[in-house]
Amino acid sequence: MSTANPRGTNPASSALTPPPSAIPPVRHPDAPAPGELLGAHYEDCFGCGGGQPHGLHLQARAGEGVSITAEFTVKPAHQGAPGLAHGGVLTSALDETLGSLNWLLRTIAVTGRLETDFVRPVPVDTTLFLQAEVAAVAGRKIYSTAVGRIGGPDGPVAVRAQALFIEVKVDHFIDNGRPEEIRAAMADPDQIRRVRAFEVNP
Ligand SMILES: CCCCCCCC/C=C\CCCCCCCC(=O)SCCNC(=O)CCNC(=O)[C@H](O)C(C)(C)COP(=O)(O)OP(=O)(O)OC[C@H]1O[C@@H](n2cnc3c(N)ncnc32)[C@H](O)[C@@H]1OP(=O)(O)O
C-alpha cells in the first residue's frame, strides 16, 4: 500500500489515482498571490456566492503552489441529524474548495468524481478549516485532494476528499445551464470579466 495515501486506511477508487503520464500542476503566472481571497466565481453559487441565503458562503484563499485554504461555518440550515452538519453539505464544502483550485491553474473545470471520508461528526456553529491541493494533471483531468479540520487550522481531521475534475470550455455552461440564468450571467459585466480571465489562458 502506498505510504502517500491521503485517505489514511481507505484507498481511493482507481479512477482517482493519477496515471503514470500525469504531470505536476503548474500555477498560472496570473494566479492570485498566496494569501489573497479568490472571491465568488458566481454570485448565486451555493458554495461561494453571496446571493444564496442558505449557501455555504465559503471564502477561499490562494495558498503556495497550487493549494487553497477555505473556511466554512456550519449553520442551522445545514443540519442532517439534530445539531450536526449534513454529510452532503460537508461534501459540497469540499467540492467548492477543490473547485477553487482550478482558479490557480486558470482552467475551467467541473467535478467528474468526488469521494468523501467522514471522519468525525461536525456540530452546528463549527468552523471547518479546509485545505486542498492539486496532486497531478493528465490532459483535461485534474486530480486533487482536500481535508477539513475542526477546532482550528491544525485541529483534528473531520472530513477528507479526493476528486477528479475535468476541464471544460465555457460552452459547457452556456449549452447546459437553464437559459434564464445563462442570459443573466452573460448580461453581467463582472461575470463576463471573470470568464474572460480563463479564456485568455494560453
Ligand atoms: C458567461 C456565461 C457562462 C457562465 C460561466 C460560469 C463560469 C464558471 C467558472 C467556473 C465554474 C466552476 C464551477 C465549480 C462548481 C463546483 C464544482 C462542481 O460541483 S461542478 C458540478 C458537478 N459536475 C458536473 O455537473 C459535471 C457533469 N458531467 C459532465 O458534464 C461530463 O461528464 C464531463 C464534462 C465531466 C466529462 O464529459 P466529456 O464528454 O467532456 O469528457 P469525457 O471524454 O467523458 O471524459 C474526459 C476524461 O475524463 C474521464 N472521466 C470523466 N468523468 C469521469 C468520472 N466520473 N470518473 C472517472 N473518470 C471520468 C473520462 O474517462 C475521460 O478520460 P480519458 O481522457 O479517456 O482518459
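**The nonpolar core and its surroundings**

Tutor: The largest nonpolar core has 41 residues, and those with the most contacts inside it are A93, L94, L98, L101 and L130. Such a core is a set of buried Ala, Val, Leu, Ile, Met, Phe, Trp, Tyr and Cys residues joined through C-beta atoms within 7 Å. A residue is buried if 20 or more other C-beta atoms lie within 10 Å of its own, exposed if 12 or fewer, and partly exposed in between, with C-beta atoms placed from the backbone. At least two core residues come from each of β1 (59–62), β2 (67–73), α1, β4, β5 (141–150) and β6 (157–167). Among these, α1 gives the most, with 9 residues. Helices (H or I, at least four residues) and strands (E, at least two) are DSSP runs, numbered from the N terminus.

The model is predicted: local features need pLDDT of at least 70 and side-chain atom pairs count only at pLDDT 80 or more, while totals for chains, interfaces and linings use all residues. Residues are numbered from 1 along each chain as its sequence is written.

Helix α1 (residues 87–105) has 19 residues and spans 28 Å between its first and last C-alpha, close to the 27 Å expected at 1.5 Å a residue; the expected span is 1.5 Å times one less than the number of residues. Because 15 of its 19 residues are buried, α1 is largely enclosed by the rest of the structure. R106 follows α1 and has a positive phi, near 55 degrees.

L130, beyond four places in sequence, is in contact (C-beta atoms, placed from the backbone, within 7 Å) with T69, A70, E71, F72, A93, L94, T97, A146 and G148.

Strand β4 (residues 127–138) includes T127. It pairs with β2 in the antiparallel sense over 7 bridges, pairing requiring that DSSP finds at least two bridges between two strands. One of these bridges joins T73 to T127. With 17 C-beta neighbours inside 10 Å, T127 counts as partly exposed. T127 also touches E71 and T73, leaving aside residues up to four places away in sequence.

β4 and β5 are likewise antiparallel, paired over 10 bridges, and F129 has R149 as its bridge partner in β5. The two strands form a hairpin with 2 residues between them, and G139 in the turn has a positive phi of about 60 degrees.

Conventions:
Two residues are in contact if their C-beta atoms, placed from the backbone, lie within 7 Å.
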